[in-house]
Amino acid sequence: MHELSLIEALIEELEKQNELNKWGKVLKVNLKVGAMRQVIPEVMTFAFEVSTEGTFLDGAKLELDIVPIKWRCKACGNEWDEERATNGGLCEKCGSIDVELLSGMELEIESLEVEDTDVTES
Ligand SMILES: [Zn+2]
């Protein structure tokens, strides 16, 4: 289950930050996930529930924000998203293979809700 390894990395990161910030009880974790990571949201939240049992994150909710895939051609600056990628990964405008992924690989903690105050504004 590939979602589980992502969740484990996420929990590890949160535990590190909790040692510094002393959040106490976390109610909700808002996570940005790139569509390129091909996670199944239900599997993600299930893995989170199971893996946080007995940790300081026990009972916290995981909220996913899926970031769409976006490509950019380094040769001509053309940008397109996955739905329009009809050219086998090549730039649809100039045919260059020199393309880069602008978004879609995210795995970022966007914000958290803790019991007393919000750590970050969303
Ligand atoms: Zn191009």
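**Helix packing and annotated binding-site positions**

His2 lies in helix α1, helices (H or I, at least four residues) and strands (E, at least two) being DSSP runs numbered from the N terminus. The model is a predicted one, in which local features need pLDDT of at least 70 and side-chain atom pairs count only at pLDDT 80 or more, while totals for chains, interfaces and linings use all residues. Residue numbers start from 1 along each chain as its sequence is written.

UniProt, in an unreviewed entry, places the feature "binding site" at His2; such annotations may be inferred rather than shown by experiment. His2 counts as partly exposed because it has 13 C-beta neighbours inside 10 Å (buried: 20 or more other C-beta atoms within 10 Å of its own; exposed: 12 or fewer; partly exposed: in between; C-beta atoms are placed from the backbone).

Helix α1 spans residues 2-21 and packs against helix α2, residues 41-51, at an angle of about 50°, with the axes 9 Å apart. Axes are lines fitted to C-alpha atoms, for helices over the stretch in contact, and angles run from 0 to 180 degrees between N-to-C directions. The arrangement of α1 and α2 is therefore oblique (under 35 degrees is roughly parallel, over 145 roughly antiparallel, 65 to 115 roughly perpendicular, and the rest oblique). The crossing of the two helices, α1 and α2, is right-handed, that is, the near helix is turned clockwise from the far one by less than a right angle.

On the α1 side, Glu3, Leu4, Ile7, Glu8 and Ile11 meet Val43, Met44, Ala47, Phe48 and Ser51 of α2, contact requiring C-beta atoms, placed from the backbone, within 7 Å. This contact of α1 with α2 comprises 7 nonpolar, 1 polar and 2 charged residues (nonpolar: Ala, Val, Leu, Ile, Met, Phe, Trp, Tyr, Cys and Pro; charged: Asp, Glu, Lys and Arg; polar: the others, Gly among them).

The unreviewed UniProt entry also lists Cys73, Cys76, Cys91 and Cys94 under "binding site". These positions are spread over 22 residues of sequence but cluster in space, the largest C-alpha distance being 8.6 Å.

Cys73 belongs to strand β3, residues 70-73, and is classed as buried because 20 C-beta neighbours lie inside 10 Å. Beyond neighbours within four places in sequence, Cys73 contacts Asn78, Cys91, Lys93, Cys94, Ser96, Asp98 and Val99. Cys76 is located in the loop between β3 and β4 (79-81). With 13 C-beta neighbours inside 10 Å, Cys76 counts as partly exposed. Under the exclusion of neighbours within four places in sequence, the contacts of Cys76 are Cys91, Lys93, Cys94 and Ser96.

Conventions. Contact = placed C-beta atoms within 7 Å.
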